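Dear colleague,

I am handing over the structure below, and my notes on what was found in it follow directly after. Please read them with the model open beside you.

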Amino acid sequence: MTATATARPARVGFGRTLRSEWIKLWSLRSTWWTVGATVVIMVGFALMFAAIARLTMQSPDIQQEMAQDPSVQVEGMFDAVAVVTIGYSFAQLVVAVLGALAVTNEYSSGMVRATFAAVPQRIQVLTAKLAVLVVTTVALSVVGLALSWLVTMPILSSVDISLDLSDGETLRALGGTVLYLVAVVALALGVGTLLRHTAGAIFTLVALLFVLPMVFNILVSTSDIEWVRTINKFLPSTAGERVIATGTTPDHLLTPWVGFAVLAGYAVVALVAAAVVLRRRDA
Amino acid sequence: MIEAHDLTKRYGSKTAVDGVSFTVRPGVVTGFLGPNGAGKSTTMRMIMGLDRPTAGSVTVNGHPYARLHAPLTEVGALLEARAVHPGRSAYQHLRALAATHGIPDSRVDEVVELTGLAPVARKRVGGFSLGMGQRLGIATALLGDPRTLILDEPVNGLDPEGVLWVRNLAKHLASEGRTVFLSSHLMSEVALTADHVIVIGRGRILADAPVSEFVDSASRRSVRVRTPGAATLREALERAGASVAVPRPDDEADALAQGPGRHGAPPRAEVLEVTGLDAPAIGELALTSGVVLHELTPVRSTLEDAYMELTADAVEYRTSPTEDQETAR
């Protein structure tokens, strides 16, 4: 063994840990698959929703209705923002898997021991993972939204719907989609670190982000029990997706930024708990 | 240099490592020997700062592992199970770890070459044989050109050529003045590779000595005596200060296998195991006691025997559990 070729490398730092996590993330096929799938899902749903919008708008019944009552077309569900952002609710599941896997696959493979042997400051590893995931999620959601807009523009313009980028609410909903997915990936990283098992983490996240809101949605629409409504509006995804929604806030839901703050709060709590547990637990 | 002081690790009511103190010195290969479940891996994980000791402390080159500014340049470790994501290539695995210390890709190429991984470095680790995985683990350990190496069962799964390679590598690294701490559950492996041995059983240090000294002290010399006058000889031997062990079942079988002689069945010969007297002394004693000897063989217990004897009470998992272990569950 030659001890000459390498100069003594300097100390471990955050920048280097970040670089290591970046290499780790992108040297796995699963990352390429999940990122690709997220973009495809966002664009696919936008395309589908645009097609439905055009069909509906062109149907004689609707046109007649709109002629009678001009408010219908303004208030309609088919505004361009809704079409472009519609994919988030499925994309969030893939993003959640990406976030959870970033840490659970280290535990399942034993890689985590090599990681912590190289970087004993475990919080630094968690922070680097978070940074890498946030950058990746911002990039993929911006690309997803841009592509969704590009492919749906021709379809929507045929029925006179277009994205108004000068509108504050539109911009908030578009930016909100990026923020929402970032919060989801952060929450997923926290849950993954706490649970350490891929299956358990993904089950928990799907239940939290997808199944619970569905169940409560049904409960809220069929009853008016107060505590059910309260729980419903504070569920992570129900609260968070308010920042993507446009139009007036229904009285049983939170306002957009308060809603997002609630989701972000869950993510912060999960990450802080993860950091505390990470320091104490054996690797 | 690795120094452990009263290192203890408990999992609930179970004590995996029980107040262990030892020093692993640079310049020699130190073997860490013990049966499976004796606490070897737990001790090594505590050295690496992966597991938190319940009590006590351990330092590497004078510092707790977590305080090292560039741990990979101080300590390189091959950890028990494969610590590699199966979906990543060997090359990317090494690059990712190298990146944490700013170690250049040229060094990654170097360790890949050194460990003979070059032909498979770009392949995903999931398809590696046990031996290839072990080589990748060693490549990982060497990445930072560390002063201290911790190798947990490094020859596991290696072919004979690989075993020889690890042995020579460990000796070579030690000869460069590095600290090499190598665990094994095989006494013979440690005897061939290590200069110093620390034996652990049930979480306690059973021996901590140079290998040659350990072998001398642990391997008892005894003399096997086969005689029809066992009772008389035994008495005489014990009077002379020797200790006599009861015959073992397979020796009985030996005696029976001799069969009856030409002049009818001879008196039944019994086997005695004598320690404390050498063969000439026993022969003379037999003559003065008027006892016929059928066999007088000096026996030297093997290293493996010595180790088995030392760890006999410290084996965690037996093939056939004794009664009290059964009830203890």
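The crossing of α10(A) and α11(A) is left-handed, a term used when the near helix is turned anticlockwise from the far one by less than a right angle, with right-handed used if clockwise. Helices here are DSSP runs of H or I with at least four residues, numbered from the N terminus. This is a predicted model, in which local features need pLDDT of at least 70 and side-chain atom pairs count only at pLDDT 80 or more, while totals for chains, interfaces and linings use all residues. Residues are numbered from 1 along each chain as its sequence is written, and chains are lettered from A and ligands numbered from 1 in the order in which they are written.

The axes of α10 (residues 198-222) and α11 (residues 226-234) of chain A come within 9 Å and cross at roughly 140°, where axes are lines fitted to C-alpha atoms over the stretch in contact, and angles run from 0 to 180 degrees between N-to-C directions. Phe216(A), Leu219(A) and Val220(A) of α10(A) make this contact with Val228(A), Arg229(A), Ile231(A) and Asn232(A) of α11(A), contact meaning that C-beta atoms, placed from the backbone, lie within 7 Å.

A second pair in chain A is α8 (residues 122-157) and α13 (residues 256-280), whose axes come within 9 Å and cross at roughly 145°; the crossing of α8(A) and α13(A) is right-handed. Here Arg122(A), Ile123(A) and Leu126(A) of α8(A) meet Ala274(A), Ala275(A), Leu278(A) and Arg279(A) of α13(A).

Between the chains, 32 residues of chain A are in contact with 42 residues of chain B.

Best wishes

How values were computed:
Contact = placed C-beta atoms within 7 Å. Helix = DSSP H or I, 4+ residues; strand = E, 2+ residues; numbered from the N terminus.
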